[in-house]
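Dear colleague,

Please find below the structure that I am handing over to you. My notes on what was found in it follow.

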Amino acid sequence: MRAVDISTVHMTTAPGNAATAANTRFRLTRRGRIVLTTIAATPLVVAAIMLALNGGIAEATTPGAASSAVLHAELVSFRYVTVAPGQTLWNLAESIAPSADPRDVIVDIIDLNQLQGDSVQPGQRLTLPAGY
C-alpha cells in the first residue's frame, strides 16, 4: 500500500453531482435591518419618554438648598385649627400670635393653606405653623 499525501489530493465530482458550497455569509434584507433597528432603538425611545415625563416634576435647587430643605421639613411641625362661626383670619392671627403683626401671620396662613383669598368658612380646617 502506498502512502498518500492528503494535502495534494483534490476531490473531483462527477458532472451531475456538483458540490455546492454552503454560503455562510450573513445577509440582512431591508426588512431585517428595519426590525433590528427597531429592536435596538426601542429602549432608547422609552428612556427618552421617561426622562421627558419625569423632567416636569423636577425642582431646580442649589446643592446646599436641597439638604437644608430636607432638614427644614423635618424640624417644622404644624398645628391644626377649625374655624369657628364668625371667626376671621384676623381674629385667628391675633389669638395664635398676640405679639406678632396680624398681617404677617395672615399671609403665612394663606400661603401655608394655599387659600385663594382672605375669607374662611366655619368648619374649615386650617394648618398653622407651630412657630406662632
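A nonpolar core is understood here as a set of buried Ala, Val, Leu, Ile, Met, Phe, Trp, Tyr and Cys residues joined through side-chain atoms within 4.5 Å. Please bear in mind throughout that this is a predicted model.

By that definition, the largest nonpolar core has 14 residues. Those with the most contacts inside this core are L89, L92, I96, I109 and L126. Two or more residues of the core come from each of α3, α4 and β2. In soluble globular proteins, nonpolar side chains tend to be buried together.

Of the 132 residues, 14% are buried. Among contacts with a separation of 6 or more, 58% are between residues 24 or more positions apart.

The mean pLDDT of the protein is 77, and 65% of the residues reach 70 or more. Of the elements, helix α1 (residues 30-54) has the highest mean pLDDT, 91, whereas helix α2 (residues 63-75) has the lowest, 53. Where pLDDT is low, the predicted coordinates should not be read in detail.

The packing of two helices is the next point. The axes of α3 (residues 89-96) and α4 come within 9 Å and cross at roughly 110°. Since angles of 65 to 115 degrees count as roughly perpendicular, α3 is roughly perpendicular to α4. On the α3 side the contact is made by L89, W90, L92, A93, E94 and I96, and on the α4 side by P102, R103, V105, I106, I109 and I110. These residues divide into 10 nonpolar, no polar and two charged.

Two individual residues also deserve mention. T127 lies in strand β2 and has a relative accessible area of 16%; because buried means under 20%, T127 counts as buried. Leaving out residues up to four places away in sequence, T127 touches F78, R79, Y80, L112 and N113. R79 is 48 residues from T127 along the chain, yet their C-alpha atoms are separated by 5.8 Å.

Q114, by contrast, is exposed, with a relative accessible area of 68%. Q114 is found in the loop between α4 (102-113) and β2 (125-129). The phi angle of Q114 is near 55°, which is a positive value in a residue other than glycine.

With kind regards

How values were computed:
Residues numbered from 1 in each chain as written. Predicted model: local features only at pLDDT ≥ 70, side-chain atom pairs only at ≥ 80, totals over all residues. Heavy atoms only, no water. Helix = DSSP H or I, 4+ residues; strand = E, 2+ residues; numbered from the N terminus. Buried < 20%, exposed > 50% of the residue type's maximum accessible area, 1.4 Å probe, protein only. Axes fitted to C-alpha atoms, helices over the stretch in contact; angles between N-to-C directions. Parallel < 35°, antiparallel > 145°, perpendicular 65-115°, else oblique. Contact = heavy atoms within 4.5 Å. Nonpolar A, V, L, I, M, F, W, Y, C, P; charged D, E, K, R; others polar. pLDDT = per-residue confidence, 0-100.
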